[in-house]
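Please look over this model with me.

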Amino acid sequence: MDKIEHLKNFSLKDFCTIKIGGVGKVVFFPKNVEEISFLIREYGKENIFPLGIGSNLIFSDGFIDKVFIHSKNLKKCEITQENDIFYLTLEAGVSFKTINNIVKKYNLEGFENLSGIPATVGGAVAMNAGAYGSEIFDILEEVWWIDKDGNLIHSKKQDIKHYYRYSQFQEEGFVYKVKIKLKKSNKDISSIIKQHLLDRNKKQPLDLPTAGSTYKNPPQTYAGKLIEQVGLKGYRINDIGFSSKHANFLVNYKDARFKDLINLLELAEKKVYEKFGIQLEREVKIVE
Ligand SMILES: Cc1cc2nc3c(=O)[nH]c(=O)nc-3n(C[C@H](O)[C@H](O)[C@H](O)COP(=O)(O)OP(=O)(O)OC[C@H]3O[C@@H](n4cnc5c(N)ncnc54)[C@H](O)[C@@H]3O)c2cc1C
C-alpha cells in the first residue's frame, strides 16, 4: 500500500472548501479500480471516507482517525456519440469545470443547470447534487462502484437508491466511474452557463471559504429564508457565520473553529424549530 500515493497526518483544511479542520490519519490517491479495491479490503469499509474537493464537508478540529480516499488521480473522460446523443463516461475525480468545457465545446444540453456547482463527479453522484430545478440523476445512466468488500459493481440508474440531495453512496461504496447522457442542443449552452454563473456570483458569498448550502430546503420553503426570519442572516460566532449575502451559506471569516460552527448550527436549528416547528436537516456532511 506504500506504493499508492498518499499523505499521512495531513491538514484537513487543505481538503475542504470551508477551510476548517484538524489532522487526518491518511489520505490515499488511487489511480485505478484495483488500488481502490485494495484499500477498501485492506482497511475495511467502516474506516474509509471517500473525498472529492470537499465542497460539502466540514471536518472537526483535532485528529480524525479515518482512511480517506481522494479521487484526484481518477480523471479519465470518454466521449461517444450516437447521432445527436452524447454519452460521457467520467471517472470520479473529473470536475464539473471539465464537464462544462465539454458541453460548451459540443453545445450539449442537460448539464447546464448544474454547471456552477463546485464538485467532482463522485461527490456529485453521492450527494445527488442539483440546482435550478435539475439534479445529476436526471442525466445519469450508469455507475461503476466498489462495494464494501472491494468488488466492482455496475448499476443502472433505476437500481440506485436516490432522492433530493441523497444517493445510496453516502452510506456505501466508492463511486469509481459514471456514464451520463446529453443531447446536442439548439440553444446557446455557453450563454446559459454564463447566466447561471453570474446569478451565483450575485447571490452567493463566493469571496469567502464556504461549504455551500448548510441545510436542505424543507418542503415548500427555503432554509435560507427560515434562517433569515429567525434573525441569523449575517450572524456570527467568532470567525464563523451565516453569510449576510445568503443566509443558508456558512462562511469562514478567517480562522473559524469547529466548536463555534456546531454551536451556530445548534442555535439555528433550535430557533427555527421554536418559531416554525420545522426541523432543519443538514446538507453539509460533518466528519468527526
Ligand atoms: C460555493 C458552493 C456552491 C454550491 N452549490 C451547490 C448547488 O448548487 N447544488 C448542490 O447540490 N450542491 C452545492 N454545493 C455543495 C457541493 O458542491 C456538492 O454537494 C458537491 O456535489 C460536492 O462534491 P465534492 O466532489 O466536493 O464532494 P465532497 O464534498 O468531497 O464529498 C461529499 C460527499 O460525497 C462523498 N463522496 C465524494 N466522492 C465520492 C466517491 N468517489 N464515491 C462515493 N462517495 C463520494 C463524500 O464521502 C461525502 O459524503 C455547493 C458548494 C459550494 C462551496
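This is a predicted model: local features need pLDDT of at least 70, side-chain atom pairs count only at pLDDT 80 or more; totals for chains, interfaces and linings use all residues.

1. Residues are numbered from 1 along each chain as its sequence is written, and side-chain values use heavy atoms, with hydrogens and water left out.

2. Helix α7 covers residues 258-276. Helices (H or I, at least four residues) and strands (E, at least two) are DSSP runs, numbered from the N terminus. At 1.5 Å a residue, the 19 residues of α7 should span 27 Å, and its end C-alpha atoms are 27 Å apart, which agrees. The expected span is 1.5 Å times one less than the number of residues. Just after α7, Gly277 takes a positive phi of about 70°.

3. Buried residues of α7 include Phe258, Leu261, Leu265 and Val272. Buried means under 20% relative accessible area, exposed over 50%, partly exposed in between (1.4 Å probe, protein chains only). The buried residues of α7 pack against elements including α6 (223-229) and β20 (285-287); contact means heavy atoms within 4.5 Å.

4. UniProt, in an unreviewed entry, places "active site" at Arg165, Ser213 and Glu283. They span 119 residues in sequence, yet no two of their C-alpha atoms are more than 11.0 Å apart, so they gather at one spot. UniProt positions follow the numbering used here, feature names are shortened, and annotations may be inferred rather than shown by experiment.

5. Ser213 lies in strand β16 (residues 210-213). At 24% relative accessibility, Ser213 is partly exposed. Glu283 sits in the loop between α7 and β20. At 10%, Glu283 is buried. Leaving aside residues up to four places away in sequence, Glu283 touches residues including Arg165 and Ser213.
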